[in-house]
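I opened a new structure today and kept notes as I went. Here is what I looked up.

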Amino acid sequence: MMQQKPPLDLSTIDKSWTLFLDRDGVINEDKIGSYIFNADEFVFMKGAPGLFKKISEKFGRIIVVTNQRGIGRGLMSEDDLTAIHKKMVSEVTTAGGKIDGIYFAPSINNNDPMRKPNPGMALMAKEDFPEINFSTSIIVGNKHSDMLFGRNAGMYTVFLATTNPEIPFPHPDIDLRYDLLQDFVKAL
């Protein structure tokens, strides 16, 4: 039986905490029913690069975890994804923030251990950054699979209602809910 964690209290967050972020619909605008194929299609959510400055002051580690089935389907290459992530990191760094790691799951197989809701990307991040403690980690995402990814790894979950506002709250898999990333950051 998993130990019951105390409710998420944002005021307790310090540099020992890790923030995991989904990408599409959280950091950048989502292309519903499709993929972001190249860096030109990557458009930050309003004010997103600047939000990373405050996030970087609060959290010790910031990790992006993203399912990228478009690669598995042959619709884009890993080089395309690398270019997108270079643009993302460059703009975040220019705005005074940081991203410590980016993990992606290219598989089209939902049972792939790396693909959310499975916790493989979290486990990879912990391998690269051994100080990560999942009980003091938060996943911020806009899909139920992000919330399950967090639960499967033992993290707190923050749901953003950017693309799936119909998901009810309160919800057993969601600790906190905000409309946008900027609302979550404002609450920190």
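This is a predicted model: local features need pLDDT of at least 70, side-chain atom pairs count only at pLDDT 80 or more; totals for chains, interfaces and linings use all residues.

**Entry 1**

I then looked for the strands. In what order do the strands of the sheet stand? I read β3-β2-β1-β4-β5-β6, which makes 6 strands in an open sheet. The pairing is parallel. I checked the edges next. β3 (101-105) and β6 (176-178) stand there, and each has a single partner strand, so one side of each has no neighbour in the sheet. From one strand to the next, the twist averages 20°.

Strands of a sheet pair through backbone hydrogen bonds, in either the parallel or the antiparallel sense.

**Entry 2: β1 and its two partners**

I went to β1, residues 18-21. On one side I found β2, paired with β1 in the parallel sense over 4 bridges. Thr18 stands opposite Arg61 in β2. Leu19 has Ile62 as its bridge partner in β2.

Which way do the residues of β1 point? I saw Thr18 and Phe20 pointing one way, and Leu19 and Leu21 the other way. All are buried. I wrote the general rule beside this: in a regular strand, side chains alternate between the two faces of the sheet.

I also checked how covered β2 is. I found 6 of its 7 residues buried, and noted β2 as mostly covered.

**Entry 3: β4**

I moved on to β4. Are its residues buried or exposed? I found 5 of the 5 buried, so β4 is largely enclosed by the rest of the structure. Ser137, Ile139 and Gly141 point one way, while Ile138 and Val140 point the other way.

I followed β4 to β5. The two run parallel and are joined by 4 bridges. Gly141 stands opposite Phe159 in β5.

**Entry 4: two helices**

I looked at α5, residues 144-153. This helix lies across β1, β2 (61-67), β4 and β5 (156-160). It runs at about 170° to β5.

Then I looked at α4, residues 120-128. Which of its residues are buried? I listed Gly120, Met121, Ala122 and Ala125. I asked what covers them, and my list includes β1, β2, β3 and α5.

**Entry 5: two buried isoleucines in loops**

I picked Ile132, in the loop between α4 and β4. Its relative accessible area is 1%, so I marked Ile132 as buried, the cut-off being under 20%. I listed what Ile132 touches, leaving out residues up to four places away in sequence: Thr18, Phe20, Arg61, Ile63, Ala125, Lys126 and Ser137. I also took a distance between C-alpha atoms. Ile132 and Ser16 are 116 residues apart along the chain, and their C-alpha atoms are separated by 7.9 Å.

I picked Ile174 next, in the loop between β5 and β6. Its relative accessible area is 5%, and Ile174 is buried. With residues up to four places away in sequence not counted, Ile174 touches Met147, Arg151, Thr157, Phe159, Ile167, Pro168 and Phe169. For Ile174 and Lys54, 120 residues apart along the chain, I noted a C-alpha separation of 23 Å.

**Entry 6: cis peptide bonds**

I found a cis bond joining Lys116 and Pro117, with omega about 20°. Pro117 is in the loop between β3 and α4. Another cis bond joins Phe169 and Pro170, with omega about 5°. Pro170 is in the loop between β5 and β6.

**Entry 7: the largest pocket**

I finished with the pockets. The largest has a volume of about 440 Å³. How many residues line it? I read 21, of which Asp24, Ser34, Tyr35, Asn67 and Lys143 lie nearest its centre. β2 and α5 are the elements that give two or more residues to this lining. By class, I noted 3 nonpolar, 8 polar and 10 charged residues in the lining.

Technical notes:
Residues are numbered from 1 along each chain as its sequence is written. Side-chain values use heavy atoms; hydrogens and water are left out. Two strands pair if DSSP finds at least two bridges between them. Axes are lines fitted to C-alpha atoms, for helices over the stretch in contact, and angles run from 0 to 180 degrees between N-to-C directions. Contact means heavy atoms within 4.5 Å. Buried means under 20% relative accessible area, exposed over 50%, partly exposed in between (1.4 Å probe, protein chains only). On a 1 Å grid over the protein atoms alone, a cavity is a set of points where a 1.4 Å probe fits but cannot get out, and a pocket is an open set with protein on both sides within 12 Å along at least five of seven lines; lining residues have an atom within 4 Å of a point. Grid points are joined across faces, edges and corners, and a volume is the space filled by probe spheres set on the points. Ala, Val, Leu, Ile, Met, Phe, Trp, Tyr, Cys and Pro count as nonpolar, Asp, Glu, Lys and Arg as charged, and the others, Gly among them, as polar.
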